[in-house]
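Hi,

Here is the two-chain model I wanted to pass on to you. Have a look at it first, and my notes follow below.

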Amino acid sequence: MTLEVQIEKKLADFTLEVAFRATETPLSILGASGAGKSMLLRCIAGLEKPDCGRIALNDRVLFDSERRVGIPARERRIGMLFQHYALFPHRTVAQNIAFGLHHLPHDQQEARTASLVTRTHLAGLEQRYPRELSGGEQQRTALARALAIQPEALLLDEPLSALDTHLRGQVEAQLQETFASFRRPALLVTHNMEEAYRLGEQLLVLARGRVAAFGAKQEIFRRPPTSEVARLTGCKNISPARANPDGTIEALDWACRLRLAQMPATPPKFIGIRAHHLDFLDSAPESAAEPNVIPCWIVRMSETPFRITLFLSLNGERAEAGEAHLQAEVFKEKWERFRNRPQPWRVRLAPESLFAMPE
Amino acid sequence: MDWSPLLISLATSLAATAVTLVAGLAAAAWRQNRAGAGAALVDGIFILPLVLPPTVVGFLLLLLFGRNGPLGKLLLRFDATVVFSWPATVIAATVVAFPLMYITARAALEQVDPHLLQAARTLGASEARIFREVALPLAWPGVLAGTILSFARALGEFGATLMLAGNIPGKTETIPIAIYFAVEANEIQRAMAWCAVDVGISIALLGGLYYWTHAQRLRRERWGQH
């Protein structure tokens, strides 16, 4: 079961130019809004026509500009979940689910609808109209409707964005359950990196219509290949960098020299570290030689229910108010232990947590 | 009293509305996925009878269906003539009512969320089925309003009908034409009677439309559309 995509399509302010291959593991497509994510899904579903390229699902060619193949959406057997679900308002839940089963005899339509109702936990709601459902129930109805046609691939366009926060966990669990039993290519588009990480195995980062990164999600989050991917995957601390002859790396924005666990093969242009990897040391370092420990001052902070984000200024350079070098994220327990200590504190940028990026 | 104008008017309006409904829906559906200069020109032609004086429409139809007109010649080959016959009243009423149906149906179809049509496509439905089972049910209130407007317009048609169908009592004499010739012949009683009939039909139509849209609103609230 594979979905192969290699397409180009000119959009208003950039060209969507994407090539990838999806297999049975769910693939998250992460990108800022307007990066071309939805257009990509629409091209695969057959709702938009790429300018050129090829789309193949298993052994069926769905689109091939050279061979002038363009299978219409209704023959692609690709289930699509729209951002706002696109449920038919004049049909009940059961009628919505059965819409794609038109070609089957009546009793089979009913049997398949009933089994999907059970699978998506919609029992008892069959005769309701979409308007009378909660957001989560609407989403499950749309999912059941898409699965009813036994699609060979599933496309989900921002499946959680229209939901209240407290519903997302529940719907995410439903999606994970669906993916686990689906075992066919499933693509999920989102602008939320945590959603992308939780729901996908593979990750594709899309930036202005191009693939900025594609691979196993853990690897991309651990070692973003470019500063753009680092930013899109939520890295808060990125600085232009230059390699020094002594093997250290100069972080230009942070005005400090840092050591990496491993020197990169190509000369780094940027260096980054995730906010929760910054560590504050309790006492003076055992030896003066401990690398990457830098005095810092708190410029300002912002509080979330369980964590504190600290904005740091480094090296005695008392930064102007509001202007910080680094962002650190610590749990409140740790903050409680540190908050009354005299500044400067000492922050450690662990060599194994730092990553260098060639562009 | 001779009731034939009422029967002729109702038969003409019903026939014209039926033709208009089908043709207007087909034209609106055709126009839906098209853009560009060609489609805009077609739009202009479809809407033209609404802005032209009915006498101009009638005269153009006379040129088209007359003995020397292209359609008239064609019909002559089958030994048929349209001018000054009952079908002429239907043709005249259809042509003047068509723009109302076309405009309302198009507006109603455009109101339907395109994502619903796209969802239906991904679910394997043919375009015909999508139109029948998704677009039309959702656009139906607008389409019905257009149907009633078309019927009312057909019922009130005078100028083009007189030009193309003339005034043949018992054959092409509709209520508006009967009123005109009654007044001309100074038969005020007859004119007033027909006016009362016309007002009665119109009030019944509008009242029916009001009650129907009210009931429909209640139902659509359940669908979540207003």
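For chain A, 40% of the 359 residues count as buried. Please keep in mind that this is a predicted model, in which local features need pLDDT of at least 70 and side-chain atom pairs count only at pLDDT 80 or more, while totals for chains, interfaces and linings use all residues. Residues are numbered from 1 along each chain as its sequence is written, and chains are lettered from A and ligands numbered from 1 in the order in which they are written.

Chain B has ten helices and zero strands; helices here are DSSP runs of H or I with at least four residues, strands are runs of E with at least two, and both are numbered from the N terminus. The C-alpha trace of chain B spans about 65 × 45 × 30 Å along its principal axes. Among its contacts between residues at least 6 apart in sequence, 76% join residues at least 24 apart, a contact being two C-beta atoms, placed from the backbone, within 7 Å.

Is B:Ala93 buried or exposed? B:Ala93 is buried, because 31 other C-beta atoms lie within 10 Å. Leaving aside neighbours within four places in sequence, its contacts are B:Thr12, B:Ser13, B:Ala16, B:Ala154, B:Glu157 and B:Thr161. B:Thr12 is 81 residues away from B:Ala93 in sequence, yet their C-alpha atoms are 7.4 Å apart.

Chain A is built with nine helices and 21 strands. Its C-alpha atoms fill a box of roughly 80 × 50 × 35 Å, taken along the principal axes. Of the contacts in chain A between residues at least 6 apart in sequence, 64% join residues at least 24 apart.

Helix H1 of chain A (residues 37-45) is worth a look: nine of its nine residues are buried, so the helix is largely enclosed by the rest of the structure. Among these buried residues are A:Lys37 and A:Arg42, along with A:Leu40 and A:Leu41. After H1(A) comes A:Gly46, with a positive phi near 90 degrees.

Now to the strands of chain A. Strand S1 (residues 3-10) and strand S4 (residues 52-57) run antiparallel and are joined by six bridges; two strands count as paired if DSSP finds at least two bridges between them. In this pair, A:Val5 stands opposite A:Ile55. S4(A) is also joined to strand S5 (residues 60-64), again antiparallel, by four bridges, and there A:Arg54 has A:Asp64 as its bridge partner. The hairpin of S4(A) and S5(A) has two residues between the strands, and A:Asn58 takes a positive phi near 55 degrees.

Further along chain A, an open sheet of five strands has the order S14-S13-S12-S15-S21, with antiparallel pairing. Its edge strands, S14 (256-258) and S21 (355-357), each pair on one side only. Within the sheet, S12 (residues 237-243) and S15 (residues 270-273) pair over four bridges, and A:Pro240 stands opposite A:Phe270.

What about the core? The largest nonpolar core holds 147 residues, and those touching the most other members are A:Leu155, A:Leu187, A:Val205, B:Ala92 and B:Leu164. Such a core is a set of buried Ala, Val, Leu, Ile, Met, Phe, Trp, Tyr and Cys residues joined through C-beta atoms within 7 Å. Helix H5 of chain B (residues 86-111) gives the most to this core, with 15 residues. Not counting residues up to four places away in sequence, A:Leu187 touches A:Ala22, A:Leu27, A:Ile29, A:Leu41, A:Leu155 and A:Leu156.

Finally, the interface: 19 residues of chain B are in contact with 21 residues of chain A. On the chain B side, helices H6 (114-122), H7 (127-155) and H10 (188-223) each supply at least two residues, and H6(B) has the largest share, with seven.

Happy browsing, and do write back with any questions.

Best wishes

Note on methods:
A residue is buried if 20 or more other C-beta atoms lie within 10 Å of its own, exposed if 12 or fewer, and partly exposed in between; C-beta atoms are placed from the backbone.
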